[in-house]
Amino acid sequence: MRRTPRDELAEATAHGGLYLRRLIREQLNLSAVALVAFGGIIGALPLALLLLPGFQDVFVLGVPLSIVIVAWPPFPLFITIGVVYARRATALEQSFRDLVEPPS
Amino acid sequence: MIAIAAIAAVTGATLGLGVYGVRLARTTSDLFVASRAITPWWNAAAISGEYLSAASFLGIAGLQMKLGSGALWLPLGFTAGYLALLLFVAAPLRRFGAYTISDFAEARLGSPRVRVLAAFVVLGIAGFYLVPQLKGAGLTLGEVTGAPYWVGVVAVGAVVALNVASGGMRGITYVQAFQYWTKTFAIALPACLLLIHLGGLPERAAMFGAELPQAPAAGLTVELDAPQPVTFPEATSYTVDGAPRQAQAGDEVVLPAGTVELPPGAVVPVAEGIDAQTGEEWARPVDSSGDASPVFVYSLLLATFLGTMGLPHILVRFYTNPDGPAARRTTVRVLGLLAMFYAFPLVYGMLGRVLVPELYLTGETDSVVLALPEAAWPGLGGELLGALVAAGAFAAFMSTASGLMVSVAGTISFDLWRRGHADMTVRRRRFRVAALGGVLAPVALALVARELDISVLVGWAFALAASTFCPLLLLGIWWRRLTAFGAATGLIAGAVTATGLIFTGLAIENGHPTVDALLTQPAVLSVPVAFATMVLVSLRDRRGRRAADAALLAMHAPEGLGLGYEEPLVRA
């Protein structure tokens, strides 16, 4: 019978270790991309508000833009990043499944 | 009266659902993780219900009223924490199958000693977090019934301990989901109705313009039970028990107990620890110095972003997901549910500045959510809405405190009590004794910690969690070379740095503003210290190396390949 990468993983051979490390690296890369997308936007926000005090003078629905921008828009952003990430991570797992146990 | 009935109803429903749930719990696995058969929506509501604490329900609005719009970073960080959990922890940890962080530490690192160390950190974080819940309870009951502070503290402590001792996680999952909807309804409905009733935001100049908080058109009357030291930002006349008095700008006065009256339009004096801010200063989410300085904001964001995953009552709930992808789906739903809730607290913070300025005088800004409805809407409408927010606040204390007590009781009864006893009845008895005993210390601390802001106390819990369990989890899940010794030294280094800075901040006053910011919210220092210690010590610890591939395979291998652990690791 043909040995699949799954068997290598299950028996913890050196070869299997390579597959495992590759999976972990791919997942970590995906998480890192999502983190950069999130961190870049939210991390820049306090600095932007500090350097651009003009936001305080623009009013949206009677509330200064500087408050509005912190209070509401970040939440849909979190959800969007979360949804996209979860979808990609699941797809990554499916391709790993196909890789280590090719459908015969 | 209506408020008391509403609080009693929420408490009764909580106890009832808990008792109903325990009938369904049959095995230890049931008791702790509800047999993992709960759908993502139920799970997400339960996680959110457990998470939205006194800090979210009362503390954000209170801190916003007191310090200004810098408090708006809190809900952002509280939610972003679940994004960190989703990206790095949720699915792998669920697959690994350990129930608690202590279980994770032992199973991943093969060291019972790290487990005991982790157990002590759990107790530390839970303690920091339980105290403000109980404080909120004392405050709320005092606000609605006039009962002394200690009554609410002791009552909620007792109810929660009984509830946890009698119910298991299964009961708690439905209870917590119920609490989420109670809280969201209780904060959203009054916020919307008040805005409609007032026709938008009244007196915007006081909120966003050049004005300091002022007494309303009818004047301001405050009953003081005890002498209250205040600072007058501007000269004004006022009366104490009818006797006229005069204050100059900058006067520091101790107002005697009695009835204090301010004339219409007078600038409200502020209690110790509060700076009188113009609307414009108050509306700035970031400022070049002070409580909204960039250092403080970034440190707070870091603490909440990384600290959420280390809160002991949150991770347990992820094991009720059937598999890794379900854990991810649950976390995404949590992001949505939290976003819905956090749209509303700032309405209270903004309205409170104009409608209940007497809280600046008494210093009790933490009760703005409770005081606002009746102040904004005199009569039955305000009373009903006041009862609703009081009930929501109680749901907040009870749900978070219950979740924390489950962790505390589990930690004491399994990790610290002499282990190795497999008998179910003995285990259950220990769990109950631990639940009843474990509530005593936080109750005692809450009775003496009345002065501290709810959100500040909770900020410390996040800082401690971010400096201990966050590096343990992230490195344990993603880095093969983490050793038990490295993890242990990192845990100790992070915990000592974080608590050391916090207590130094309590002991010394008025240093450099940046130093003050770091002492109040030390995460930006203590998190790197913990990470660096874990990595460096692990790299040097040649003897402690062990094959971690099996554990990492179980965490990362997709379901359906037969490569993961099929059964839970510990305690099964």
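**Charged pairs and the interface of chains A and B**

In this predicted model, Asp549(B) forms a salt bridge with Arg480(B), and their closest N and O atoms are 3.6 Å apart. Asp549(B) belongs to helix H26 of chain B, while Arg480(B) sits in the loop between helix H22 (454-478) and helix H23 (484-507), so the pair ties together parts of the chain that are 69 residues apart in sequence. With a relative accessible area of 24%, Asp549(B) is partly exposed, and Arg480(B), at 34%, is partly exposed as well. Elsewhere, salt bridges that share partners join Glu93(A), Arg95(B), Arg328(B) and Glu559(B) into one network.

Asp549(B) also takes part in the contact with the other chain, for its side chain meets that of Arg21(A) in a salt bridge with an N to O distance of 3.4 Å. Across the interface of chain B and chain A, the rule finds three salt bridges, and the count of residue pairs in polar contact between the two chains, with both residues at pLDDT 80 or more, is 11. On the side of chain B that touches chain A, at least two residues each are supplied by helices H5 (73-88), H11 (204-208), H13 (294-307), H15 (324-342), H16 (345-355) and H26 (549-556). The largest share of that side, nine residues, comes from H5(B). Sorted by class, the side of chain B that touches chain A has 34 nonpolar, six polar and nine charged residues.

As for the extent of the interface, 49 residues of chain B are in contact with 47 residues of chain A. The size of an interface is often given as the accessible area lost when the parts come together. Here chain B and chain A bury about 4,200 Å² between them, and 77% of this area is on carbon and sulfur atoms.

Along its principal axes, the C-alpha trace of chain A spans about 75 × 25 × 15 Å. Buried residues make up 41% of the 104 residues in chain A. Among contacts in chain A between residues at least 6 apart in sequence, 62% join residues at least 24 apart.

To set the charged pairs in context, the structure holds 13 salt bridges over all chains. Side chains of opposite charge can pair when their charged atoms come close. Within chain B, one such pair is Asp366(B) and Lys135(B), whose side chains meet in a salt bridge at 3.2 Å, N to O. This pair links distant parts of the chain, with Asp366(B) in the loop between helix H17 (358-362) and helix H18 (368-376) and Lys135(B) in helix H8 (residues 112-145), 231 residues apart. Both Asp366(B) and Lys135(B) are buried, whereas Asp549(B) is partly exposed. Another salt bridge is formed by the side chains of Arg115(B) and Glu106(B), with an N to O distance of 2.5 Å. Arg115(B) counts as buried because its relative accessibility is 1%, which is under the 20% cut-off.

Definitions and conventions:
Residues numbered from 1 in each chain as written. Chains lettered and ligands numbered in written order. Predicted model: local features only at pLDDT ≥ 70, side-chain atom pairs only at ≥ 80, totals over all residues. Heavy atoms only, no water. Contact = heavy atoms within 4.5 Å. Buried area = accessible area lost by both parts, 1.4 Å probe. Salt bridge = Lys/Arg side-chain N within 4 Å of Asp/Glu carboxyl O. Polar contact = N/O pair within 3.5 Å; in protein donor to acceptor, adjacent residues only side chain to side chain. Helix = DSSP H or I, 4+ residues; strand = E, 2+ residues; numbered from the N terminus. Nonpolar A, V, L, I, M, F, W, Y, C, P; charged D, E, K, R; others polar. Buried < 20%, exposed > 50% of the residue type's maximum accessible area, 1.4 Å probe, protein only.
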